[in-house]
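The report below goes through a structure from its backbone to its packing and its charged pairs. Please keep the sequence and the 3D view at hand while reading.

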Amino acid sequence: MGNVPSAVKHCLSYQQLLREHLWIGDSVAGALDPAQDSSQVSGLPEYVKIVEVGPRDGLQNEKVIVPTDIKIEFINQLSQTGLSVIEVTSFVSSRWVPQVAAGATEISVFGAASESFTKKNINCSIEESIGKFEEVIKSARHMNIPVRGYVSCALGCPYEGNITPQKVTDVAKRLYSLGCYEISLGDTIGVGTPGSMKKMLECVMKEIPAGALAVHCHDTYGQALANILTALQMGISVVDSAVSGLGGCPYAKGASGNVATEDLVYMLNGLGLHTGVNLYKVMEAGDFICKAVNKTTNSKVAQASFSA
Amino acid sequence: MATVRKVLPRRLVGLATLRAVSTSSVGTLPKQVKIVEVGPRDGLQNEKNVVPTAVKIKLIDMLSEAGLPVIEATSFVSPKWVPQMADHTEVLRGIQKFPGRSYPVLTPNLKGFESAVAKKLYSMGCYEISLGDTIGVGTPGAMKDMLSAVTHEVPLFALAVHCHDTYGQALANTLVALQMGVSVVDASVAGLGGCPYAQGASGNLATEDLVYMLAGLGIHTGVNLQKLLAAGDFICQALNRKTSSKVAQATCKL
């Protein structure tokens with residue numbers, strides 16, 4: 001609006017608005033007016049589990065290699081936010097990905113709906129990769145360690161372009177039947193739109209119950225929240241995100257930006273969906289890690305709040 | 001206070017009142033969406049750097065080339081309040097007016113802004129009411145509730161949504177509006193225009209990102225994304241600022 005008359009600026013008191021606004025507040029505190037809670041009427045899930053992938057997916061794709069003590073501090077801060085699942089690290093050959101750490105009570109395996117992507121990412125075919133996962137999943141289950149399966153390129157591949165929903169379903173179904181408790185469907189290069197998300201989920205949900213599915217949307221083309229909303233409308237209730245929108249994929253050139261956890265929580269709070277997450281604390285953790293990796297945040301909520 | 005009667009269509013942007021009402025069921029998406037490009041007005045009005053008249057004219061011409069059906073060209077306000085729009089007459093005279101397109105101008109009246117609601121504006125004779133989430137705090141549930149309330153008083157075809165992306169919610173909010181049958185959306189090329197109420201925060205929804213979503217949904221807009229990207233690139237260079245469009249950022253990297 002340009003030069004806003006000073007009288008108007010004074011009345012608005014933006015900081016006040018920020019503190020009082022329902023969507024920023026702690027959803028656990030029950031500050032929402034039941035009359036405005038539209039989640040049940042509109043068919044959205046009551047509770048959404050957020051899987052924080054910042055420390056792994058995020059940091060894996062940052063140029064700066066973060067010292068271990070910083071990573072630990074970062075994860076500890078995230079633990080204070082109410083996030084129930086925080087992906088802490090990955091076991092990959094150190095030849096391919098330099099960031100390595102140790103210790104796990106839950107593990108993840110990464111498949112993809114694209115042969116080219118699988119070849120370039122882990123140097124084997126989809127079939128071979130599933131063979132390897134089978135071994136990992138069996139031993140993990142033997143030790144009562146739950147395994148989460150990922151399917152990358154669920155809405156498009158940087159090398160092959162279009163990926164059919166059936167291909168995504170085939171890979172997801174294999175991982176699920178091997179014993180993964182949850183399958184995260186990833187729009188790895190962020191090319192998906194609500195229409196393609198809907199088509200893909202309709203196909204996958206014929207074979208795998210909604211309760212065992214999650215979405216992992218990248219915001220490369222600004223579509224992440226719209227795609228996530230579509231998934232929620234279809235009954236998905238687990239969403240991956242990364243604080244500050246850290247990271248992307250080093251194997252898909254041009255791909256950048258997980259969806260920012262702050263922006264996701266903001267939307268879910270506004271929808272009256274319970275997450276258990278304290279937005280202020282997530283923003284603090286985001287501020288901490290951005291300073292540590294020396295980059296500006298990709299979260300719009302953080303940009304709006306810290307600069308005000 | 002207005003002394004000159006404007007012959008161009010009048011389009012007023014107002015804050016709608018939010019009321020908690022039961023939500024209506026989600027309908028099907030429209031087949032066609034009209035994009036109202038507000039970059040040259042809402043966008044430039046809120047940029048620190050003032051661009052010369054020739055740059056504004058070129059931007060609008062490039063946006064016309066891109067196929068945008070409605071381009072909010074400028075604002076007839078006192079230059080004392082909005083110096084960015086001081087050249088409104090020259091801009092309007094200088095632009096190419098493509099046939100079949102609209103080039104509305106903003107004629108805000110502060111008194112009307114404060115007291116009018118959508119119904120009043122509509123009954124006063126506005127052909128379209130654009131409902132603006134001015135500080136971008138809205139979320140999909142609130143959008144749904146607000147539209148349910150407004151559509152009791154104003155027909156759907158006369159409504160547009162104008163979502164700001166200050167909290168990253170704009171596209172999700174726009175999607176919900178589309179699901180409810182709204183088929184006119186305001187957006188700003190390159191996401192021009194910050195938020196005067198939150199320094200450093202973003203403002204408008206980027207037209208490129210909107211077009212990307214609509215194209216993916218198979219919704220017709222008549223807009224050529226490549227030409228739109230060119231227009232966005234042009235104005236960002238002129239303003240010496242980075243684009244706020246994710247599509248533009250992604251496209252540049254490849």
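In which loop of chain A is the place of A:N123? In this predicted model, A:N123 sits in the loop between α5 (115–122) and α6 (126–142) of chain A. The phi angle of A:N123 is near 60°, a positive value in a residue other than glycine, and A:N123 counts as partly exposed because its relative accessibility is 45%. In chain B, B:N240 also has a positive phi, near 55°, and is likewise a residue other than glycine; B:N240 is found in the loop between α9 (225–239) and α10 (246–253) of chain B, and with a relative accessible area of 68% it is exposed.

**Overall build and packing**

Chain A has 12 helices and seven strands, and of its 308 residues 55% count as buried. Among the contacts in chain A between residues at least 6 apart in sequence, 77% join residues at least 24 apart. Chain A exposes about 12,900 Å², of which carbon and sulfur atoms supply 54%.

The largest nonpolar core holds 143 residues, and within it A:L185 and A:I228 touch the most other members. When residues up to four places away in sequence are not counted, A:I228 touches A:V215, A:C217, A:V239, A:V259, A:L264 and A:M267. Apart from that core lies another, of seven residues, among them A:V85, A:Y150, A:A214 and A:V238.

**Charged pairs**

Over all chains, a search of the whole structure finds 15 salt bridges, including those in the table.

| Salt bridge | N to O distance |
|---|---|
| A:E127 and A:R174 | 3.1 Å |
| A:K291 and A:D287 | 2.8 Å |
| B:E47 and B:R241 | 2.2 Å |

The side chains of A:E127 and A:R174 meet in a salt bridge that links distant parts of the chain, with A:E127 in helix α6 and A:R174 in helix α7 (residues 165–178) of chain A, 47 residues apart. A:R174 is partly exposed, at a relative accessible area of 34%.

A:K291 and A:D287 are separated by about one helical turn because they are four residues apart in helix α11 (residues 279–293) of chain A. A:K291 counts as exposed at 60% relative accessibility, whereas A:D287 is partly exposed at 28%.

The side chains of B:E47 and B:R241 also meet in a salt bridge. B:E47 lies in the loop between α1 (39–45) and α2 (53–65) of chain B and B:R241 in the loop between α9 and α10 of chain B, so the pair ties together parts that are 194 residues apart in sequence. B:E47 is buried, with a relative accessible area of 10%, while B:R241 is partly exposed, with 22%. Salt bridges that share partners also join A:K49, A:R148, A:E182 and A:D240 into one network.

Methods:
Residues numbered from 1 in each chain as written. Chains lettered and ligands numbered in written order. Predicted model: local features only at pLDDT ≥ 70, side-chain atom pairs only at ≥ 80, totals over all residues. Heavy atoms only, no water. Helix = DSSP H or I, 4+ residues; strand = E, 2+ residues; numbered from the N terminus. Buried < 20%, exposed > 50% of the residue type's maximum accessible area, 1.4 Å probe, protein only. Contact = heavy atoms within 4.5 Å. Areas by Shrake-Rupley, 256 points an atom, 1.4 Å probe, with all protein chains shown as cover. Core = buried A, V, L, I, M, F, W, Y, C linked by side-chain atoms within 4.5 Å. Salt bridge = Lys/Arg side-chain N within 4 Å of Asp/Glu carboxyl O.
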